[in-house]
Amino acid sequence: MSKGMKMLWLAAALALALPSMTAMADGHMMGGMHGHGMHGMHDCHDHMAKALGLTEAQQKQVDALHTQAHKEMHPLWEQKHEDMHKLWTLNPDDKNYMAEVKKLAEKQGDLTEKMVIAHAQYRAKFYAILTAAQKEKLKQMREDHRHMHHHHRHMNMM
């Protein structure tokens with residue numbers, strides 16, 4: 001990914017994240033979000049396993065895959081949050097402010113690229129575990145979720 005493209009992605013991410021940056025600056029809240037996120041991810045996998053009707057053998061494969069993905073992605077996630085905290089604490093009055101922001105922005109772009117690739121690899125390995133019928137069920141679940149999310153968002157706009 002080119003540096004220009006990384007900067008564009010980071011600018012978009014920052015624009016979306018600005019409303020929540022105050023909350024992210026609070027270290028306690030960051031820890032709370034992290035803890036909830038990891039437990040929520042495990043609960044999601046359990047729910048999906050039941051909904052897809054995974055066999056015991058498939059569930060063991062998925063659990064091993066999840067453990068591997070966590071080991072690979074957790075340090076990246078931690079670094080992204082640490083760097084966002086650094087970005088938030090930088091003083092705009094400092095003479096090196098923009099240089100530090102640019103350095104952190106480039107690092108965030110690199111970390112994001114690594115996380116997207118790691119997630120895609122995890123997803124491909126997960127799909128390889130599923131039967132054709134389970135893949136179709138997953139496709140339908142995603143479609144139902146997308147429609148529900150779209151409907152919910154539309155209802156909130158009224």
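Select Leu 130 to begin: Leu 130 is buried, since its relative accessible area is 6%. Here buried stands for under 20% relative accessible area, exposed for over 50%, and partly exposed for values in between, with a 1.4 Å probe and protein chains only. Leu 130 sits in the loop between α5 and α6 (132-157). Helices (H or I, at least four residues) and strands (E, at least two) are DSSP runs, numbered from the N terminus.

The model is predicted: local features need pLDDT of at least 70, side-chain atom pairs count only at pLDDT 80 or more, and totals for chains, interfaces and linings use all residues. Residues are numbered from 1 along each chain as its sequence is written, and side-chain values use heavy atoms, with hydrogens and water left out.

Next, display the surroundings of Leu 130. Which residues does Leu 130 touch, not counting those up to four places away in sequence? They are Leu 52, Leu 54, Gln 58, Lys 135 and Leu 138, a contact being heavy atoms within 4.5 Å.

Then select Thr 55, in the loop between α3 (27-52) and α4. Thr 55 is partly exposed, with a relative accessible area of 44%. Although 75 residues separate Thr 55 from Leu 130 along the chain, their C-alpha atoms are 9.8 Å apart.

Move to Asp 83, which belongs to helix α4. Is Asp 83 buried or exposed? Asp 83 is buried, with a relative accessible area of 1%. Beyond its neighbours within four places in sequence, Asp 83 contacts Leu 104, Lys 107, Gln 108 and Leu 111. A C-alpha distance of 8.9 Å separates Asp 83 from Ala 105, 22 residues away along the chain.

The buried residues of α5 include Val 101, Leu 104, Ala 105, Gln 108, Met 115, Phe 126 and Ile 129.

Show the lining of the largest cavity: Leu 65, Gln 68, Ala 69, Glu 72, Ala 118, Gln 121, Tyr 122 and Lys 125. On a 1 Å grid over the protein atoms alone, a cavity is a set of points where a 1.4 Å probe fits but cannot get out, and lining residues have an atom within 4 Å of a point. This largest cavity holds about 60 Å³, and the whole structure has two cavities of 30 Å³ or more. Helices α4 (56-89) and α5 (97-129) each supply at least two of the lining residues.

Finally, zoom out to the whole protein. Six helices and zero strands are present, in the sequence pattern α-α-α-α-α-α. Of the 158 residues, 25% count as buried. Among contacts with a separation of 6 or more, 77% join residues 24 or more positions apart.

Notes:
1 Å grid on protein atoms, 1.4 Å probe; cavity = no way out; pocket = protein on both sides within 12 Å on 5 of 7 lines; lining within 4 Å. Points joined across faces, edges and corners; volume = space filled by probe spheres on them.
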